[in-house]
Amino acid sequence: MDIPHITRRSLIASAVTGGAAALLAQPAGLIEKAAAAADPACDPHGAVSPFGIHQAGIATPAPEHLQLAAFDLVAGTTRAQLIELLQEWQNAISLLTRGLPLPDAALPDEAPADTGEALSQRADHLTITIGFGPSLFDDRFGLASQRPAALVDLPAFTGDALVPTRSGGDLSVQCCSDTRLVAEHGLRTLARMAAGRAVVRWVQAGFNEPPSNPADGSGRNLFGFKDGTANLDSSDAARMARNVWVDPADGPAWLAGGTYQVYRRVVMIMKTWDESVLSEQEDVMGRRRATGAPFGGTRETDPVRSELMPLTAHVRVANPRTGTDSENERILRRGYSFHDGLAADGSFDAGLAFIAYQRDPRRQFITMQTRLAANDALNEYITHTASAIFVIPPGTTATGYVGETLLGAVPPRVTVPNPAADLRPPTPGAPAPAPPAAAPTTPPAAPTKGRVVPPKRRKVIKRRRPKRTGA
Ligand code: HEM
C-alpha cells in the first residue's frame with residue numbers, strides 16, 4: 001500500500017487549529033490510517049502502536065536510538081497529581097508515537113507547546129515505555145501494599161562501582177526510535193510536562209547500529225562481538241509468557257501483562273580490551289569474534305557447546321545450560337551501546353546500557369548477575385557504574401493510561417493464567433500444554449480527560465526596541 005509521506009510540519013496546522021481533543025478523537029483520520037497501514041518492518045519511519053496488553057518498547061523490535069531516563073516525584077506531589085501526570089504523558093505518547101507534535105492553543109503570547117526539533121520527522125518507530133521504581137511504593141502515594149514481591153531492591157554485587165545520582169528513581173521512561181532526534185524529543189517533551197511534579201534524575205542515551213549488510217546477523221557491541229545472538233525471541237509468545245510477562249498467577253493482579261526492567265550502566269574498559277590478543281578476547285566471551293559462532297561451530301546460530309569453552313567464559317557463566325533452571329533464568333536483553341565522551345581519567349566513558357526484561361528479577365537477573373559478578377572473565381574489562389530496577393505496568397487502551405490498573409482501580413485486562421507460563425519441566429509423555437487462553441474482553445478503561453496538557457508555559461516577555469535617537 002502506498003503510504004502518503006506525512007511530516008509533523010504538514011500536520012501542525014491542523015493540530016494547532018483542531019486542538020488535541022479533536023486530534024485524539026479522529027481515529028479514521030489520515031494520520032491514524034497512515035500510521036496503522038504502515039508496516040513497521042517495511043517503513044523506516046513507521047509508527048508502533050502504544051496500545052495493547054503489553055507496553056510497546058519491550059517485545060517490539062529495538063530501533064537504533066535510546067533515551068532512557070529516571071524521574072523523581074517532587075516532595076509534596078499527591079497521588080492525584082501522579083495520576084494526572086501519567087494521564088497527560090499518555091495523551092502525549094499517543095500523539096508523539098504517531099509522529100504528531102503537541103498542539104498549540106494558538107495563544108500568541110505563550111511559548112510553543114511543542115519544542116519543534118522533531119517537526120520534520122515522522123513517527124520513526126518511537127516507543128515510550130513507563131516504569132515504576134521501588135521508591136514509588138513507599139508511604140507517599142498509599143501504594144505500599146501493592147508493591148510486587150518481585151520488585152526487590154537490587155543487592156550490591158561484587159565489583160559494583162555505582163554512582164547513586166545515576167541510579168534508581170521513582171519512574172522510568174524509555175524512549176526508543178530510529179531517529180535520535182525523535183527519541184530525544186519524546187523524553188524532553190515528557191520532562192517538560194512533568195514540571196512541578198517530577199524532575200529528571202538521570203538520562204542515558206544509547207545507540208544500536210544494525211550491520212550494513214543485514215545478512216551479517218546480530219549487530220556488534222563496542223568490544224567488536226556480535227551481541228544478541230542467543231537472546232530470547234521476542235516474537236515467541238510461549239517463551240515470552242514463560243520468561244517475560246507477569247502472569248495473573250504470579251500476582252499482584254494489577255501487574256498481569258506487565259514485566260520488570262533492570263538497567264545497568266556497564267563501562268567497558270577499551271584500553272585493556274584493545275591490548276588483549278584475539279584468542280583471549282574469544283575465551284572471555286565464549287564465541288568467535290568474526291562470525292559470532294560458538295566454540296566448535298562455524299555459524300552464529302550454531303548450538304552452544306559449553307564444554308568447549310573456558311568455565312569463566314561470559315556466555316557460559318550467563319547461561320550454564322543446566323536444564324530447566326537455566327531456561328527459567330533467561331531474560332530478554334534490549335541493551336544499547338553508549339559513548340559519553342571522556343571520563344575524569346581521560347579514558348573513554350563508553351560501554352553498554354544493559355536493559356533486560358523479565359518475569360521475576362529474583363529468579364532471573366539477580367541469580368544471573370550474582371554468578372557473573374563472581375565468575376565472569378569479562379569482569380576484568382568492565383565496571384557496572386549505575387543500576388536501577390522498575391516494574392513495568394501492563395499496556396493500556398486509547399482511552400486509558402499506563403498505571404491505571406494500579407492507580408485508577410481499573411480491573412486488570414489479563415486475568416486468566418497462561419499455560420505457557422508454567423515453569424515446571426514438561427512431564428515425559430504428558431500432552432503438550434493447551435494454547436494460551438484468549439484474553440477476556442473487558443470493557444474499555446474509564447476515559448481519561450482526553451486532553452494534552454502542554455508543559456507549563458512561560459509568558460513571553462516582549463522586549464521593546466529602544467527608540468532611535470538619530471545620533
Ligand atoms: C559490557 C557488558 C557485556 C557485554 C560486552 C556482553 C556481551 C555479550 C556477548 C558478546 C554475548 C554473546 C552473544 C549473545 O548471545 O548475545 C553475550 C551473551 C549473553 N549475555 Fe552478555 N554482555 C555484557 C553484560 C551482560 C550482563 C550484565 C548480563 C546479565 C546479567 C548478560 C547476560 C548475557 C546473556 C544471558 C547472554 C546469552 C548467553 C546464552 O544464552 O548463550 N550480559 N553477552
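Two strands count as paired if DSSP finds at least two bridges between them. The exercises below apply to a predicted model.

**Exercise 1.** Which strands pair with β3, and in what sense?

Solution. Start with β1, residues 65-73: seven bridges join this strand to β3, and the two run antiparallel. Next take β2, residues 127-132, which pairs with β3 over six bridges, also in the antiparallel sense. Then look at cysteine 175 of β3. Glutamine 67 stands opposite this cysteine, and isoleucine 128 has cysteine 175 as its bridge partner.

**Exercise 2.** Decide whether the two faces of β3 are covered or open.

Solution. In a regular strand, side chains alternate between the two faces of the sheet. On one side of β3 are Leu171, Val173, Cys175 and Ser177, and on the other Ser172, Gln174 and Cys176. These residues are all buried, so by the cut-off of 20 or more other C-beta atoms within 10 Å both faces are covered.

**Exercise 3.** Classify aspartate 124 and arginine 321, both of which have positive phi, as buried or partly exposed.

Solution. Aspartate 124, in the loop between α3 and β2, has a phi of about 50°. Aspartate 124 is buried because it has 27 C-beta neighbours inside 10 Å. Arginine 321, in the loop between α8 and α9, has phi near 55°. Arginine 321 has 15 such neighbours inside 10 Å and therefore counts as partly exposed.

Methods: Residues numbered from 1 in each chain as written. Predicted model: local features only at pLDDT ≥ 70, side-chain atom pairs only at ≥ 80, totals over all residues. Buried ≥ 20, exposed ≤ 12 C-beta atoms within 10 Å, placed from the backbone. Helix = DSSP H or I, 4+ residues; strand = E, 2+ residues; numbered from the N terminus.
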